[in-house]
Each structure stands twice: as structure tokens, then as C-alpha cells.
Amino acid sequence: VKDIERRASRWARSLGAIATVIDGRSMVGGGSLPEESLPTKLLAISGDGPRLTEIARRLRTGDPAVVARIEDGVLLLDPRTVRPDEDKALIKALKTALAP
């Protein structure tokens with residue numbers, strides 16, 4: 001979890017005040033473990049509902065496509081689901097999606 005937290009913190013620093021790092025859970029998957037999860041750190045982007053929905057849409061339709069989730073009024077990304085060599089591309093995609 002420490003490595004995940006370091007990556008999420010780097011992502012947050014690159015985005016500024018709009019982003020924070022919070023505790024979360026990564027779902028292990030389906031099959032025989034559909035309800036199992038692991039502790040993680042999540043990048044959390046705050047904003048109003050319509051703005052977050054638009055950011056999520058821009059991320060999904062961007063290049064590269066990025067899938068985020070909105071939960072409790074916050075846009076969330078889990079570093080556990082992104083390879084470390086993709087961090088730069090992810091940050092670029094986030095900055096593009098966050099642009100006015």
C-alpha cells in the first residue's frame with residue numbers, strides 16, 4: 001500500500017488543490033471472490049456532480065481512455081489499476097480532462 005500511496009500522492013501533487021489522496025478498497029474481482037477487496041489509496045478529485053460527470057466522460061473518451069468512478073460525490077482513480085509506466089500518460093489525460 002505504501003507504493004500505491006506514493007504514486008497517488010505524485011498524481012495529486014501534479015493536479016494541485018483539486019486532488020487529494022484518500023483510503024479506499026480495490027475489488028479483487030469476480031468469480032469465487034466477488035465481494036473480496038484489498039486496502040488501497042485512491043486519488044480523489046472533488047467538484048460538483050455535473051462537472052465530475054463531464055470529467056469522467058472526457059477521461060473515458062480520451063486517448064488513452066481512462067476509467068474512473070464517481071462515489072459519494074468524488075471522482076476516484078485507483079493506482080493499483082494503472083501500471084507504473086503509464087503514470088505520465090495518466091497525469092496528462094487527467095490534466096486534459098480537467099481543462100476548462
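**Notebook: loops, a buried aspartate and salt bridges**

Aspartate 72 lies in the loop between β3 and β4. I am working from a predicted model. I looked up the backbone of aspartate 72 and found phi near 55°, a positive value in a residue other than glycine. I then checked its exposure. Aspartate 72 is exposed, with a relative accessible area of 77%.

I moved to the loop between α2 and β3, where proline 64 is found. A cis peptide bond joins aspartate 63 to proline 64. I read omega there as about 10°. Valine 67 sits in this loop too, between α2 (49-61) and β3 (69-71).

Next I took a distance from valine 67 to aspartate 78. The two are 11 residues apart in sequence. In space their C-alpha atoms are 9.8 Å apart.

**Entry: aspartate 78**

I located aspartate 78 in the loop between β4 (74-77) and α3 (87-98). This residue is buried and has no salt bridge. Which side chain of opposite charge is nearest to aspartate 78? It is arginine 80, 4.7 Å away.

I looked for polar partners instead. The side chain of aspartate 78 makes a polar contact of 2.3 Å with the side chain of serine 26. A polar contact of 3.0 Å links the side chains of aspartate 78 and threonine 40. I also listed its contacts, setting aside neighbours within four places in sequence. Aspartate 78 then touches Trp11, Ser26, Thr40, Lys41 and Leu42.

**Entry: lysine 41 and aspartate 23**

Lys41 was on that contact list, and I followed it up. Lysine 41 forms a salt bridge with aspartate 23, with the closest N and O atoms 2.2 Å apart. Lysine 41 lies in strand β2 and aspartate 23 in strand β1 (residues 19-27), so the pair ties together parts that are 18 residues apart in sequence. I compared how the two partners are covered. Lysine 41 is buried, with a relative accessible area of 15%, whereas aspartate 23 is exposed at 58%.

**Entry: other salt bridges**

I counted nine salt bridges in the model. One of them joins arginine 58 to glutamate 54, with the closest N and O atoms 3.1 Å apart. These residues are four apart in helix α2, so about one helical turn separates them. Arginine 58 is partly exposed, at 25% relative accessible area. Glutamate 54 is also partly exposed, at 26%.

I noted a salt bridge between glutamate 86 and arginine 83 as well, its closest N and O atoms being 3.5 Å apart. Glutamate 86 counts as partly exposed, with 31% relative accessibility. I also asked which residues are linked in a network of salt bridges. Arg7, Arg10 and Asp87 are linked in this way.

**Entry: a nonpolar patch**

Last, I looked at nonpolar side chains on the surface. Val28, Leu33 and Leu38 form a nonpolar patch there. Together they have about 230 Å² of accessible area. I placed leucine 38 in strand β2 (residues 37-46). Leucine 38 is partly exposed, with a relative accessible area of 38%.

Technical notes: Residues are numbered from 1 along each chain as its sequence is written. This is a predicted model: local features need pLDDT of at least 70, side-chain atom pairs count only at pLDDT 80 or more; totals for chains, interfaces and linings use all residues. Side-chain values use heavy atoms; hydrogens and water are left out. Helices (H or I, at least four residues) and strands (E, at least two) are DSSP runs, numbered from the N terminus. Buried means under 20% relative accessible area, exposed over 50%, partly exposed in between (1.4 Å probe, protein chains only). Lys and Arg count as positive and Asp and Glu as negative; His and the chain ends are not counted. A salt bridge is a side-chain nitrogen of Lys or Arg within 4 Å of a carboxyl oxygen of Asp or Glu. A polar contact is a pair of N or O atoms within 3.5 Å; within protein, one must be able to donate a hydrogen and the other to accept it, and residues adjacent in sequence count only if both atoms are side-chain atoms. Contact means heavy atoms within 4.5 Å. Patches are made of residues with over 30% relative accessible area and no salt bridge: like charges are joined within 9 Å, nonpolar side chains (Val, Leu, Ile, Met, Phe, Trp, Tyr) within 5 Å. Accessible areas come from the Shrake-Rupley method with a 1.4 Å probe; for residues, only the protein chains shown count as cover.
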